[in-house]
Amino acid sequence: MTSRPMRSETSSEAVERYGTGAVAFHWTMFLLVVAVGILGLLHDSWPKRTQAFWINLHAMLGLLLWLTLIARFWWRIRHRPPSLPSGVGDWWRRLSGPLHWALYALMFVTPIVGIVTFIWHGRIFDFGVLHLDFGVRSNRAVFRPTEDIHGYLAYAIFALAGAHAAAALWHHFFRRDGMLGRMWPMKEVRSHAGRQP
Ligand code: HEM
Ligand code: HEM
């Protein structure tokens, strides 16, 4: 599946870093998941007259997230991730790959179910200059179950991404093995234990 190694830089603790592209994709998508997730959770809280606007904004950012994921995927299969720091235990080595792929899969499927919910709720995509109307009439039998499934998938992303972030912070503050520094935008963030003069 991989062809070329990802460009990586070696810190003074000889921990390989993710390349600039991978780091940019990771943190852009982090911000998008947070924004889209918050807008999704608030969708029932808006006043009726502005609800369509906020749901459309949720959909626009959700679509952007989905397109960014496709680009990231394309990038990822061409750039091998750096090897894990030597201090990382066996169970984490086995678990981290499947966990990352589960996150990719969830971020791929959730927007698709969201799109189905959006269209079968009779909503129109408003891109500002362009309106995309599929002409589908609101159909409760379709949008009710898909809305629920979309919500459950979103909660699965929050749970998995939350556990993933907690694990990264645990590695950084307790294991001090340089794991977080591999994905951090600035090279200076390192594990305290390994810091060199
Ligand atoms: C990974 C990306 C996305 C996340 C994390 C996400 C998250 C959420 C969440 C948490 C809810 C509330 C669910 C509930 O209250 O049970 C929601 C609702 C919804 N989302 Fe998303 N969403 C994403 C992408 C999309 C996309 C791309 C679309 C459509 C193009 C979309 C359309 C909708 C619709 C139509 C609803 C129901 C709102 C309504 O019509 O009442 N979502 N989303
Ligand atoms: C929406 C939230 C997040 C999502 C969806 C997400 C997703 C991912 C994915 C898919 C990877 C694998 C990259 C690859 O090799 O292809 C990754 C790696 C990584 N992420 Fe996140 N992430 C999120 C938030 C965070 C946060 C908040 C932190 C830090 C506190 C973090 C720290 C890391 C680190 C250190 C790695 C590299 C881990 C390793 O190589 O095993 N992530 N993330």
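# Helices and ligand shells in a predicted model

Me: How far apart are the end C-alpha atoms of H4, given that its 36 residues should span 52 Å at 1.5 Å a residue?
Reply: Helices are DSSP runs of H or I with at least four residues, strands are runs of E with at least two, and both are numbered from the N terminus. The expected span of a helix is 1.5 Å times one less than its number of residues. For the 36 residues of H4 this should come to 52 Å, which agrees with the separation of its end C-alpha atoms, 50 Å.

Me: What kind of model is this, and how are its parts numbered?
Reply: Residues are numbered from 1 along each chain as its sequence is written, while chains are lettered from A and ligands numbered from 1 in the order in which they are written. Local features need pLDDT of at least 70, side-chain atom pairs count only at pLDDT 80 or more, and totals for chains, interfaces and linings use all residues, since the model is predicted.

Me: Which stretches have a pLDDT below 50?
Reply: pLDDT is the predictor's confidence in each residue, from 0 to 100, and the protein averages 88, with 88% of the residues scoring at least 70. Where pLDDT is low, the predicted coordinates should not be read in detail. Beyond near neighbours in sequence, one stretch below 50 has 29 contacts in the model and another has twelve, a contact being a pair of residues whose C-beta atoms, placed from the backbone, lie within 7 Å. These stretches are residues 1-12 and residues 191-197.

Me: In what order do the elements of the protein run from the N terminus on?
Reply: The secondary structure comes to five helices and four strands. From the N terminus on, the order of these elements is β-α-α-β-α-β-β-α-α.

Me: Which residues of H4 are buried?
Reply: A residue is buried if 20 or more other C-beta atoms lie within 10 Å of its own, exposed if 12 or fewer do, and partly exposed in between, with C-beta atoms placed from the backbone. The buried residues of H4 pack against H1, H3 and H5. They are Phe 143, His 150, Ala 154 and His 171.

Me: Is Arg 176 buried, exposed or partly exposed?
Reply: Arg 176 lies in the loop between H4 and H5, and it has a positive phi of about 50° although it is not a glycine. Most residues other than glycine have a negative phi. Because 18 other C-beta atoms lie within 10 Å, Arg 176 is classed as partly exposed.

Me: Where in H3 does a kink lie?
Reply: H3 has 31 residues and reaches 46 Å from its first C-alpha to its last, close to the 45 Å expected. The bend at a residue is the angle between axes fitted to the seven residues ending there and the seven starting there. A kink of about 30° lies shortly before the proline Pro 98, at Ser 96.

Me: Is Ala 59 buried or exposed?
Reply: Ala 59 belongs to helix H2, and, leaving aside neighbours within four places in sequence, it is in contact with Gly 114, Phe 118 and Phe 125. Ala 59 and Gly 114 are 55 residues apart in sequence but 7.7 Å apart in space, C-alpha to C-alpha. Because Ala 59 has 23 C-beta neighbours inside 10 Å, it counts as buried.

Me: What do the buried residues of H2 pack against?
Reply: H2 has 29 residues and reaches 41 Å from its first C-alpha to its last, close to the 42 Å expected. Its buried residues are Ile 55, His 58, Ala 59, Gly 62, Leu 65 and Leu 69. They pack against H1, H3 and strand E3 (125-126).

Me: Which element gives the most to the shell around ligand 2?
Reply: A residue counts as near a molecule if its C-beta atom, placed from the backbone, lies within 6 Å of it; 18 residues surround ligand 2, the closest being Val 33, Ala 161, Ala 165, Ala 168 and Met 183. H1, H3, H4 and H5 each supply at least two residues of this shell. With five residues, the element that gives the most is H4.

Me: Which elements give two or more residues to the shell around ligand 1?
Reply: 26 residues surround ligand 1, and the closest are Gly 40, Gly 62, Pro 111, Gly 114 and Gly 151. The elements giving two or more residues to this shell are H1, H2, H3 and H4.

How values were computed:
Contact = placed C-beta atoms within 7 Å.
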